[in-house]
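These are my notes from going through the model, entry by entry. I looked up sheets first, then helices, then charged pairs.

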Amino acid sequence: MNTTTESGVRPLAGVFVPRAWLIAAGYLALYLLLDWASYVEPLPHTSITPWNPNTGVVVALLLARGAGWAPLVAVSIFVGELLTDNGAPPWRVLALTSTYLAMVYACAAWTLRRRGGEQPITTPGGAAWFAGIIAAASGIAAAGYVAILVSAGQVAAEETRAAIAHYWIGEFSGIIALTPVLLLKINPAALWEEMPRHRREFLMQAAGAVVGVGLTFALAAARDVRLFYPLFAPVTWVALRHGVPGAMISVSLVQAALVAALELTPGSIPLFDVQFPMLALGVTALFLGALATQRDSALRQMRDQDTVLQRSLRFAVAGQLASALTHELNQPMTALISYVRASQLMSEGRPDTDERLSGTLRKAAEEALRAADVLRRLREFYRGEGARIAATDALAVCARVADSLQDRMRRSAVEFNLQYSASLPQVMVDSTQLEIVVHNLLTNSLEAFDTQRGARSSPRRIEITTARHGADVLIGIDDSGPGIAAVVTERLFEPFVTSKTSGMGLGLSLSRTFLRHQGGDLWSEPGRLGGARFVIRVPTQLTTQTNL
Amino acid sequence: MNDQDGTVFLIDDDPGVRDSLTLLLSLKGVSTQPFANAESFIASYQPERPGCVLTDLRMPGMTGLELQAALRERRIEAPVVVLTAHGDVATARAALKNGAFDFLEKPIDDAMLLDVLRNALRVDRERRNAVSMRAATDQRLERLTEREREILALVAAGHQNRHIAAQLGISSRTVEVHKARIMEKLECRSLAELIRVNRTAT
């Protein structure tokens, strides 16, 4: 068994790791309860029912804890059949079927676990694997189970196909609805906090479900199952808003409500008839939910990254200010210190001066040096020291930044192109700082387009190209915008120089500072697309110049 | 120190820095000539005046780095000490790569500045001495005849009189006479001195 499941994954238990016997007891109780509750509409003389949520518990246990739990599964199936069966096949047959079913699902769980099947489903790929393996496994289980019963004389040979179909659909839809729910890692505290913010939506979704279920009851009485489809609407809504957890919880509830409706309404249509649409609903909800989960986690990741970027940028702006300040103050400080030293020299050896003069001048010089030291430390605090240099994929950084600006590009109708080059080596930079630089340059290009009102005859394009250049990588960012104003060109990289109405004019200056501290550089060139072109140079090897 | 030890050519666009450093250095006995920009320094530079350059890196007009390039172009070999108020590591590196003698960050410790400048001036003096010595040696070597130069080369290569005589087809006695003449012309008193002079020649 996999050790990570022992410590890392707690799908059945929430936040604490329960002891094995607790899991076993809980599993048995849940299995037998569901087995008893779902014992509806068995085929004549058999225990084959068209709805088996109890198998969902079986697969959840085997996925979460490993195939080693198969014996317990076999025992539970055996006991379940013994307790609820009224046809009572001989115990030898029961032992055989229980063992067979446990083995089939253990194999399915083992296959899924090799692809991380013990984790909650978060991607459409994961959903596809899960649905595919479960469809196949429940088919194999159904065929073998029925074959055993037929050969034991428990099921008539002419009923084989009907029996397999009933059993398969019951197993498949039971697993697909319940297993993902049981595998969820739900944090009750977080859910409780989340609740008030979405209260209205939850209420509306609940109302939708109530209407759906009420409709189902009414329609069950009217024997018109075609109108069962309105249930797709609330389930789809929940799936898109809350991902896999919401989707599969609602599918399970809808399944239970539907079964209850059909069973409690005398003379309604057989459950088997609605199991196919139910299964379709389950699979649809699973895929929609997985898509929504994937999208949500991508969005969250992007937001997190943006926060890091913003913080870095603020730090960098402060650094640039500190740098500009020290530069401006260092000139008068130098003059001041030199004047005081000169005064000291002039006062030395002159008998007519106040004896306190030399001491005063010495103190003045010390104070001036102290002020200079404060400036130096301030600058060093903001300079390069924060950089975390590591091997970085420059193309991935560019793609990430472009992704985050996708909306703005679309709004400005800009056609963006990132040229991949296959054999680009990794570069040694602080990836966050490189991201800031690329972000800055792309934003500049976009803003340049936005100032270009009226005349929109030429297509708006931004292009990023990369190339290897000796021990460096060059990243070129071209746009077809208005280019750089001649008055600005010369002083482009100086702080506080800008052609924009908003902004501090620090972007390019600090971008260049970042890169230079990491052994790279930034400059502008005549553009290939008629607008501005900036070139970022970054080293592929560590340089020692950060502490010269 | 006096003017013959060399002058510090101070180039800085900031009048306060210029004035205060000139005052301080002259009080310390270092002759200093201030310039407000690199252009005016180049225009007034006289190659025969010994000294070193103390220049700011960031200046409007010609920057410190451009000044270095301009000096190199004009084959002016005075040592260049670079000063910056910015602590700009990359520029400092570029300056040192360009052959700067040293790099100092403003505000500077006057003791360290003086140290660096005295070193730079000494280097300049030594370079000038070496150049003039070489010129004098070259002048003296000019006086040798073709045959004497041939013999000097063989002597410098460590050959005995007998070998030289055999190689040139003359007697050992004649080699002796030639050698005495060479020593006289090159103003050398020993064989070791002769070899040293031969080596300093271009």
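**Entry 1: the sheet of chain A**

I started with strand β4 (residues 461-469) of chain A, which pairs with β5(A) in the antiparallel sense over eight bridges. I note here that the model is a predicted one.

I then traced the whole sheet. Five strands of chain A make up an open sheet with mixed pairing, and the order is β2-β4-β5-β7-β6. At the edges I found β2 (415-418) and β6 (521-526) of chain A, each of which pairs on one side only. From one strand to the next, the twist averages 20°. Helix α13(A) packs on this sheet and touches β2, β4 and β5 of chain A. The direction of α13(A) makes about 165° with that of β2(A).

Chain A has 17 helices and seven strands. Of its 548 residues, 46% are buried. Among contacts in chain A with a separation of 6 or more, 76% are between residues 24 or more positions apart.

**Entry 2: Asp472(A)**

Is Asp472(A) buried or exposed? It is buried, because its relative accessible area is 15% and the cut-off for buried is under 20%. Leaving out residues up to four places away in sequence, I list Ala467(A), Arg537(A), Val538(A), Pro539(A) and Thr540(A) as what Asp472(A) touches.

**Entry 3**

The background is simple: an α-helix has 3.6 residues a turn, so residues three or four places apart point the same way. At the N-terminal end, α13(A) is capped by Asp393(A), with a side-chain oxygen 3.1 Å from the backbone nitrogen of Leu395(A).

I repeated the check on helix α6 (residues 146-156) of chain B, where Glu148(B), Ile151(B), Leu152(B), Leu154(B) and Val155(B) are buried. Their arc around the axis is only 165°, which puts them on the same side of α6(B). Just after α6(B), I noted a positive phi of about 95° at Gly158(B).

**Entry 4: the sheet of chain B**

I moved on to chain B and found an open sheet of five strands, parallel in pairing, in the order β2-β1-β3-β4-β5. The edges are β2 (31-35) and β5 (102-105) of chain B; each has a single partner strand, so one side of each lacks a neighbour in the sheet. Neighbouring strands are turned by 20° against each other on average, direction ignored.

Strands β1 (residues 7-11) and β3 (residues 51-56) of chain B pair in the parallel sense over five bridges. Within this pairing, Val8(B) has Cys52(B) as its bridge partner in β3(B). Helix α1 (residues 15-27) of chain B packs on the sheet, with contacts to β1, β2 and β4 (80-84) of chain B, and its direction makes about 170° with that of β2(B). Helix α3 (residues 64-73) of chain B also packs on the sheet; it touches β1, β3 and β4 of chain B and makes about 150° with the direction of β3(B).

**Entry 5: salt bridges**

I counted 21 salt bridges over all chains. In chain A, Arg461(A) and Glu463(A) meet at 3.8 Å, N to O. Arg461(A) is partly exposed at 31% relative accessible area, whereas Glu463(A) is buried at 8%. Both belong to a network of salt bridges that also links Asp478(A), Glu525(A), Arg528(A) and Arg533(A).

In chain B, Lys106(B) and Asp56(B) form a salt bridge, with the closest N and O atoms 3.6 Å apart. Lys106(B) is in the loop between β5 and α5 (110-142) and Asp56(B) is in strand β3 of chain B, so the pair ties together parts 50 residues apart in sequence. Both residues, Lys106(B) and Asp56(B), are buried.

Definitions and conventions: Residues are numbered from 1 along each chain as its sequence is written. Chains are lettered from A and ligands numbered from 1 in the order in which they are written. This is a predicted model: local features need pLDDT of at least 70, side-chain atom pairs count only at pLDDT 80 or more; totals for chains, interfaces and linings use all residues. Side-chain values use heavy atoms; hydrogens and water are left out. Two strands pair if DSSP finds at least two bridges between them. Helices (H or I, at least four residues) and strands (E, at least two) are DSSP runs, numbered from the N terminus. Axes are lines fitted to C-alpha atoms, for helices over the stretch in contact, and angles run from 0 to 180 degrees between N-to-C directions. Contact means heavy atoms within 4.5 Å. A salt bridge is a side-chain nitrogen of Lys or Arg within 4 Å of a carboxyl oxygen of Asp or Glu. Buried means under 20% relative accessible area, exposed over 50%, partly exposed in between (1.4 Å probe, protein chains only). A polar contact is a pair of N or O atoms within 3.5 Å; within protein, one must be able to donate a hydrogen and the other to accept it, and residues adjacent in sequence count only if both atoms are side-chain atoms. The arc is that of the directions from the helix axis to the C-beta atoms.
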